[in-house]
Amino acid sequence: MATEEELIGREAGLRLLDGLLTDARHGRGGAAAVTGGPGTGKSAVLRALAASAAAAGATVLSACATEAEADLPLGVVGQLLSGTASPARAPGGTGEAANRPAALYEALHALHDRRPVVVTVDDVHHTDEASARCLLYLCGRLAATGVLLVLAGLPQTAPSLPLAEVLRHPRCVPLPLGTLSENEVAAFLRADRAGAMDAATARRLAPDWHRFSGGNPRLLHGLLADHRDCGPVRPARPIAGTAFRRAVAGCLRGARTPVTQTAQALAVLGDQVTLTLLARFLGVPERAVVPRLAALEATGLLDAGRLRHQGVNAAVLESLTAEESARLHARAAGVLYDHGAEPAVVAGLLVAAEAARDTDGDGGTTPAWAVPVLAEAARHAMPAGQPRRAAEFLRTAHRLHVGGQRPDGMLTTLARAEWESDPASVIRHLAALERGLAERRPDDGRWAEAAALLLWHGRCEKVAEGAADAGDGPLAREVRTALGHLCPGASPGHPAPEPDAVERDLESVVHALAPPPSVPALLVALLYAGETERARRWRELMTGAEPAGTTVTRQAVAAATAAVLHVRTGSYDAGAAHAARALALMSPAAWGVAVGMPLAAAVRAATARQAHGEVERLLRVPVPDAMFRTRAGLHYLLARGGHLLAAGRARTALADFHACRDLLAEWGERARDGLDWRSPADEALRRLGHALDGDPVAVLTRAERRVAMLAAAGCTNRAIAARLYVTPSTVEQHLTHVYRKLRVTSRGDLVRLAGVRPAGPAEPVRGLSSGAGRREDA
């Protein structure tokens, strides 16, 4: 039984069918052909007629033709006669009557002797040829039978000859169904049984709902179902949800294959579609495309030659199998490439095709032009502030390379694009970047980019090896300067940049230009930016300095920079807020060794505000071991030591301060400005009850200090000798000097004096620093 909303706008057609039914009751047969696009309500009209005829006492025989049974002889006639006592009811049987066109007419004439007969055939365009001949025979003899024959199917079809004769027979009254008007959509919304709207609301919403659905009743039903599923707070605008997408898929299944293929082509080509491109894509003349577009227009899926909106577009693409999606996107890429489309457009289609191939498991074939187009599109996407899109293009090109030959520098460019959108994803490329650094010329910009990415993730030794023989070009100097500031131990002889150089780097961050290789170095260099006034000026300049289109990575770097500046000038609340944002924008793995700077700023700010619980949470954030060989690690150790000291854990704090002392000594630098470890170390010693005569360990030589720290950490003489690559006798001599200088007699005295705990097998400085914050004082 058809519902009220299903019959909105079909009143005139139903009145015509009621008139034909009345004629049939009086012995005057007739026929009607109900035509319309998929989803326009043809089946609902047939159901309403069948219910009305049954209520009037007529015999109703119904059949629905299907594409799967289009080659089954007399399949439709068999459905019609399956409920009668006619001997012709078994189509394809051995009886002669079953193969005669008159069989259906004779069976219905026998039934009419008792009462009127209504015959309905839905989806008549799928009728088999034998059944069509029976329908044609019946249609020519309806006047004397009192039988009403109603056929429903698609318009503008090219059926078999018998069926075509039926549909244009003089006795067959045409009854076309179109989409609903705005007023009819408003009536549809008011009549919805599951969630009827009041008249005023329906009139207000009708224009939007009409534009969104094209007036197609099936699509309206889908929109209403999605509207109801939105819960108690339902949006006024229509939503293309699951039910709507299923309705679009249903309309495509009900359309002819060429029409469905045209809809798929429109969805894949998107905004690039023209009549010429569409014809080329489909492989047909342009004149053959026009009726297909008209059919889609009649269904309501099309508007001004394009799919109605993105919801329809997405539903069409969603209905494709992975194999179909890969094939269609690859074909669209080829057609657009041949017509000179922009590289980014062609590249987007290649990405979609490759993604579908990955799902389908079919590698497919790759045209020779695909990889260069992807690389070119990525090259334009990077300066346009679209690193994620550039990375997507390059990842696809990396998989599609032909014969093992990739465009020069593709991997470095890919890693750079991924760094802009998600620095953690660069980790998988580090080994290849190290190889590329050794193979590429230092005057190549991609050499500096590879060095920057390796520095970000703490691969300082490899960068130092590459920079050692890189000559004295501007890129080589820049890399060495960054290396000298970030990892002095890996690049001795290259001092930290002067304040003017730091400010030039700050300008590149503020204005979102290409980041220098020293991005992590830049963060720590801020503490060397000069006087407090200079730092305050940069803090004010960088407040809110996030240009439109800035990537997440750049936003995180800017937030960390602002956090360091605020904390340095005593604005702890603002510094904590910036640090929290920096850590929220990127994961610890994405930060690489630079994670020490936002963490140090956050810990310092929380310590100043006496938020010790927050500090404990921050200190549980995982950090890479490589960080403790960089200046970022120094700031992290000082911040952690300051918290431990404020929390009353002086002995553990002293280990962090002494780890800073040892790193600076190893690098041949003095404590200055933001790296003052002496004052907090003296305070820790005072709390531990030691007389302050300067730092007691400071009287030792560098070699003696290393031996003393290892001995205090519980290492045997043999283990110390193995670690320092010296003989055991050399270790004994150093220990003798240490005992004499420090006026101690045992290793236990060293432990109390140095403030360390027994270490594991880790490297001395790293082991002392990384483990100190996880041990409570005795």
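I take buried as under 20% relative accessible area, exposed as over 50%, and partly exposed as in between, with a 1.4 Å probe and protein chains only. On that scale Tyr-725 counts as exposed, because its relative accessibility is 75%.

**Ground rules.** This is a predicted model, in which local features need pLDDT of at least 70, side-chain atom pairs count only at pLDDT 80 or more, and totals for chains, interfaces and linings use all residues. Residues are numbered from 1 along each chain as its sequence is written, and side-chain values use heavy atoms, with hydrogens and water left out.

**Confidence.** I checked pLDDT, the predictor's confidence in each residue from 0 to 100. The protein's mean is 80, and 80% of its residues reach 70 or more. Over residues 508–518 the model has 31 contacts (heavy atoms within 4.5 Å) beyond four places in sequence. Over residues 528–532 it has 14 such contacts.

**Positive phi.** I looked up two residues here. Helices (H or I, at least four residues) and strands (E, at least two) are DSSP runs, numbered from the N terminus. Tyr-725 is not a glycine, yet its phi is positive, about 60°. I placed Tyr-725 in the loop between helix 36 (717–724) and helix 37 (728–742). Leu-74, also a residue other than glycine, has a positive phi near 60°. Its loop runs between strand 2 (59–64) and helix 3 (75–81). Is Leu-74 buried or exposed? Leu-74 counts as buried, because its relative accessibility is 5%.

**Strand 2.** In strand 2, Thr-59, Leu-61 and Ala-63 form the covered face. Val-60, Ser-62 and Cys-64 form the uncovered one. Which strand is joined to strand 2, and by how many bridges? Strand 3 (residues 117–122) is, running parallel to strand 2, with 6 bridges between them. Two strands pair if DSSP finds at least two bridges between them. On the covered face, Ala-63 stands opposite Val-121 of strand 3.

**Thr-262.** My last stop was helix 11 (residues 257–269), which holds Thr-262. Thr-262 counts as buried, because its relative accessibility is 0%. What does its side chain reach at 2.8 Å? The side chain of Thr-262 reaches the backbone oxygen of Pro-258. I then left aside neighbours within four places in sequence. Thr-262 is in contact with Leu-278, Leu-282, Arg-292, Leu-293 and Leu-296.

Technical notes:
Polar contact = N/O pair within 3.5 Å; in protein donor to acceptor, adjacent residues only side chain to side chain.
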